[in-house]
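Dear colleague,

I am passing the structure below on to you, together with notes on its backbone and its strands. Please read the notes with the coordinates open beside them.

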Amino acid sequence: MKRRGLLAGTVAAAGVAMTAGLSSPAQAATTSVTEPDRFPAGRPLLIRGATVITMDRARGILPDTDVLVVRDKIKAVGRKLSAAHGATIIEARGALLIPGFVDTHRHMWQSALRGAGADWTLTNYLTAMGMLPPLFRPEDIYAGNYLGMVDAVADGVTTVLDWSHGSVTPAHADAAVDALMAVPGRARWAYGRFPLDLSWVTSGEVDRIREARFSSDDQLVTMQLALHAPSDSVGDAAWRYAVEHDVPVNSHVGFFGAASDSDVRRLVENKFLSPSTTLAHATAMSDDSYRLIADSGAFVSLSAESDLNMGQGYPPTGVVRRFGIPISLSVDSLLGWSGDMFSNMRAILSAERGLVHLRAHERGEMVASLDLRAADVLRYATLGGAEALGMADRIGSITPGKLADLVLLRQDTPSMTPVNNPIGHLVFHAGRGDIDTVVVNGRVLKHRGELIGVNLPRARRLAEATQDHLVSSIGEEAWRNLIDPPRP
């Protein structure tokens with residue numbers, strides 16, 4: 001059973017000489033899909049005249065500013081910078097330039113199931129996860145992760161944490177890592193498994209893959225663990241391994257109906273929570289749990305679209321802010337929800353502001369001034385994610401000396417004209433279609449809206465093969481019933 005669509009086959013040619021502008025692709029000639037020679041490795045890059053939203057507290061928002069990239073790092077930020085010898089110049093006057101988005105919790109292996117869970121509750125999800133994961137072969141994990149990385153790069157998510165609980169065997173784990181390393185984006189592979197039994201962590205498998213695949217912290221793909229909250233001595237041993245080996249952990253905590261408060265208490269009592277721990281979702285818990293999390297220095301990763309639609313719990317943005325817990329954002333899964341951070345920033349703002357207004361109206365009052373601002377959620381989606389991954393010294397802001405992970409927004413679309421409030425405009429008016437250029441580690445991977453050196457046709461072929469395999473394995477009728485569960 002084959003499902004096929006149109007492929008984007010062309011991309012705008014470069015501008016005059018070594019200058020690449022932001023003009024509409026319709027106004028330029030076209031050439032092949034991948035043009036790595038337009039931005040040769042090692043050649044300096046100068047982005048000229050942008051409005052730079054640095055996310056650097058000391059620099060703020062800088063209009064009409066240049067950013068010079070040399071090799072993998074931001075060399076300078078300022079006005080009228082001299083182009084390094086042989087630099088490629090992107091003329092960006094009036095465009096918005098931001099640090100790349102950082103997603104701290106995404107199940108990349110599920111990318112080939114994009115949209116299948118659009119109408120799922122958490123109950124529907126758990127039913128599907130009892131049926132589908134046993135059907136995933138290592139090549140299907142590869143396909144999901146490969147597509148997930150291509151998708152992230154295209155959407156300006158320059159760093160993504162892959163919560164890899166589909167890696168149920170060493171072969172699946174190796175396939176997941178192979179796919180992440182095959183696409184030149186930045187990723188943190190969080191090794192996990194679907195069963196709640198955590199005995200695999202101390203079996204030697206984690207040691208094997210750490211030694212074989214993750215010898216350096218300077219790689220584009222680095223490693224940590226994705227662990228469920230411990231419920232027994234075996235789980236405690238797994239978390240203790242992470243602490244003793246200084247391996248960061250991302251954990252699902254705080255689902256409605258689950259014993260989330262007892263999970264947090266167990267983590268705290270065993271001294272498993274620390275600033276190297278990120279708790280995904282973190283909904284539906286008591287104030288005591290949030291207080292314990294705050295005292296530990298752990299981060300939370302908020303997934304508003306997923307939580308609101310599936311019912312894990314209402315996004316706890318307000319209470320998390322009240323206790324001073326550091327926040328990052330995440331997509332969770334492409335099973336039903338957006339893969340871009342624009343949608344997730346808006347979901348966080350809308351959910352929290354709507355709740356604040358509702359509570360005020362219930363008291364017969366009106367909200368006079370908003371506490372949660374667009375600048376807050378943009379920080380969560382960039383520097384906040386970098387902090388959660390322990391990478392804020394390297395990514396998350398446009399600061400000289402940091403790695404060059406950058407996203408440039410077009411200035412010539414109706415939705416991007418005029419820009420009166422750069423951050424507010426970015427959060428509420430921009431979208432994935434407005435992304436002109438994406439730079440990861442100093443390498444241009446997207447320009448004029450087209451991917452460069454990233455194989456989208458291959459990603460599609462692999463994902464379609466996985467889709468065909470799953471449908472043929474469970475049957476057409478079962479697939480239809482899975483995607484469209486009965487109404488109440």
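D64 lies in strand β5 (residues 61-70), where helices (H or I, at least four residues) and strands (E, at least two) are DSSP runs, numbered from the N terminus. Phi of D64 is near 50°, which is a positive value in a residue other than glycine. With a relative accessibility of 32%, D64 counts as partly exposed; buried means under 20% relative accessible area, exposed over 50%, and partly exposed in between, with a 1.4 Å probe and protein chains only.

Please keep in mind that this is a predicted model, in which local features need pLDDT of at least 70 and side-chain atom pairs count only at pLDDT 80 or more, whereas totals for chains, interfaces and linings use all residues. Residues are numbered from 1 along each chain as its sequence is written, and side-chain values use heavy atoms, with hydrogens and water left out.

K80, which is not a glycine either, has a positive phi of about 50°. This residue is found in the loop between β6 (73-78) and β7 (88-91), and at 78% relative accessibility K80 counts as exposed. A further backbone feature is the cis peptide bond that joins T417 and P418, with omega at about -15°; P418 lies in the loop between β17 (406-409) and α12 (422-428).

Turning to the strands, β10 (residues 157-164) is mostly covered, since 8 of its 8 residues are buried. Two strands are said to pair if DSSP finds at least two bridges between them. On this basis β10 pairs with strand β9 (residues 101-106) in the parallel sense over 4 bridges, and F101 stands opposite V157 in β10. Strand β11 (residues 186-191) also runs parallel to β10, joined to it by 6 bridges, and here L161 stands opposite R188 in β11. From β10 the chain crosses through helix α3 (residues 170-182) to β11 in a right-handed β-α-β crossover, meaning that, with the strands pointing away from the viewer, the path from the first strand over the helix to the second runs clockwise.

In a regular strand the side chains alternate between the two faces of the sheet. In β17 both faces are covered, with L406 and L408 on one side and V407 and L409 on the other, all of them buried. Strand β8 (residues 96-99) pairs with β17 in the antiparallel sense over 4 bridges, and L97 has L408 as its bridge partner in β17. The pairing of β17 with strand β18 (residues 435-440) is antiparallel over 4 bridges, and V438 in β18 is the bridge partner of V407.

With best regards
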